Amino acid sequence: MTTAPGPPAPPLLSGPLSAAYGAAFLLGGNRLGGAVTRHYGPVVSVPILGFGTVVAVTDPVLVKQVLTEDPHVLLGGQGVGPAAAIYGSGSMFVQDEPDHLRRRKLLTPPLHGKPLASYVPIFEEATLAAMATWPSDRPFSMLAASRAMTLDVITRVIFGVDDPDEVRRLGHPFEDLLDLGLTEETTWRYVLRGVGGLRWWPRYARISRELDRVVLPAIAERRTAPDLETRTDMLSLMLGARTEDGEGLTDEEVRDDLITVMLAGHETTATTLAWLFDELLHNPQALAEVQREADEGGTDVTHAIINECLRLHAPVPFTGRVTTAAYELGGHTLPAGAHIVLYIDAINKNPATYDRPDEFVADRFLHERPNNFAWLPFGGGIKRCLGASFSMVELTTVLHTMLRNGTFVAAGKPEAPVRRSVVVVPRHGTRVRYRPRKVAVDA
Ligand code: HEM
């Protein structure tokens, strides 16, 4: 067994080099990461300031090994540890076992099955309400429009409210927190956490207080609502959820899970919608086929196109796991405490897996389901995105509603990706022109 290959890291220079490699990644983003993994092979070790040994993995066989490993051997919560800076250390996302799984089980039902089906009218209403505010025949940013819309959707779904003022009041502090999470300040503060980067952070403390002021009374009020048992919003379902031992979630756990779902589900879906429009408005045939499904029914083509878009433009370019002891991977021995990075962007574009890996191929997934270890926009294993089905239903419904009620044309060239903190978005936000669509009414 050997240590994994990677850029030079002599012990005497490890401090400055780890800072330089971290800065290079922040500036060079996925393009640089992709080049490094192609150069050194499927397991690459790089020291990064604030993280220690980071080992990037791109080969599907090794991805499978990592994702199906015992969660006590490879820690998922610690692997996505940086998220704690914004999600808070009480979020299920950054917990390890057994706490993570207990919380995950309670959060699963509200995001699947009947509750998910009951959210579809909300997705439609929110889309139509948003469209009514868009300028006709003037370019605007689909990313900005989608963000406002997906915030509206997730706030309505979580709290079960539809009064616009109430939706705004409840959604506002979450939006502030997300905006903060998308700044580079958050990345730097996490890197500098060892010297107090996260301890004194007035802006975070202010937003957190505001969140508590809005969310904790909403939880307390809902607990005593006479119709709690029959309500289908996510908050009510979370309050009613019980483990096999009959245990429920505390108010603080509910608060933390609400933050997790709001933040995990809002920006990622908005970004995907913007990328979808970027691809569709530059691929007339694909657009015509999705339009046909929007008008006549069916989802096969739309789902295939969303899957391909998520492959090419995964909003979250990586996720991670942390080794608890020396760990063997791909013929190399990783030290305890190593951060294994599943390099989603490089895995999704691995030329050994995909023909024309950097091209949008609309029918790539039309007759073949994506492979769980070679298509990773939602991560995988015991931490696979809990909102994957939710976002597929939301994206399909929103896209079809938009195409049924509007015509869209590109107001710019195909977009280049740019990283905003942990999310990769279209550089100019996907500029589009929109016109309300006049649908022929039967005589
Ligand atoms: C296109 C949209 C989305 C993408 C690309 C995405 C991506 C991801 C990724 C990469 C992870 C980490 C998985 C891992 O480490 O293996 C994750 C976790 C998670 N996502 Fe999503 N997500 C999306 C939408 C949503 C939505 C809509 C929700 C909720 C409504 C949601 C809730 C969650 C939760 C709760 C987790 C934590 C799961 C756990 O730790 O067990 N996500 N997501």
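Predicted model: local features only at pLDDT ≥ 70, side-chain atom pairs only at ≥ 80, totals over all residues.
Seen down the axis of α14, the buried residues fall within an arc of 160°, so they line one face of the helix, the arc being that of the directions from the helix axis to the C-beta atoms. These residues are Ala-286, Leu-287, Val-290, Gln-291, Glu-293 and Ala-294, where buried means under 20% relative accessible area, exposed over 50% and partly exposed in between, with a 1.4 Å probe and protein chains only. On the other side of α14, Pro-284, Gln-285 and Glu-296 are exposed, and just after the helix Gly-297 takes a positive phi of about 105°. The buried residues of α14 pack against α13 (251-280), α15 (300-312) and α17 (388-405), contact being defined as heavy atoms within 4.5 Å.

For α15, 13 residues at 1.5 Å each should span 18 Å, and the end C-alpha atoms are 19 Å apart, which agrees. This helix is mostly covered, with 11 of its 13 residues buried, among them Asn-307, Glu-308 and Arg-311. The packing partners of the buried residues of α15 are α13, α14, α16 and α17.

In the loop between α16 (344-348) and α17 lies Cys-385, whose SG atom, 2.3 Å away, is the single protein donor to the iron atom of the ligand; donors are N, O and S atoms within 2.8 Å of the metal (3.2 Å for Na, K and Ca), and as water is not among the atoms, sites may look incomplete.

Within helix α17 is Glu-394, which is buried yet has no salt bridge, the nearest side chain of opposite charge, Arg-156, being 11 Å away. A salt bridge requires a side-chain nitrogen of Lys or Arg within 4 Å of a carboxyl oxygen of Asp or Glu, and for charge Lys and Arg count as positive and Asp and Glu as negative, while His and the chain ends are not counted. Not counting residues up to four places away in sequence, Glu-394 touches Phe-123, Thr-150, Val-153 and Thr-269.

Thr-127, in helix α7 (residues 120-131), counts as buried because its relative accessibility is 0%. Neighbours within four places in sequence aside, Thr-127 is in contact with Met-149, Val-398, Thr-401 and Met-402.

Residues are numbered from 1 along each chain as its sequence is written, and side-chain values use heavy atoms, with hydrogens and water left out. Local features need pLDDT of at least 70 and side-chain atom pairs count only at pLDDT 80 or more, whereas totals for chains, interfaces and linings use all residues.

Note on methods:
Helix = DSSP H or I, 4+ residues; strand = E, 2+ residues; numbered from the N terminus. Expected span 1.5 Å × (residues − 1).
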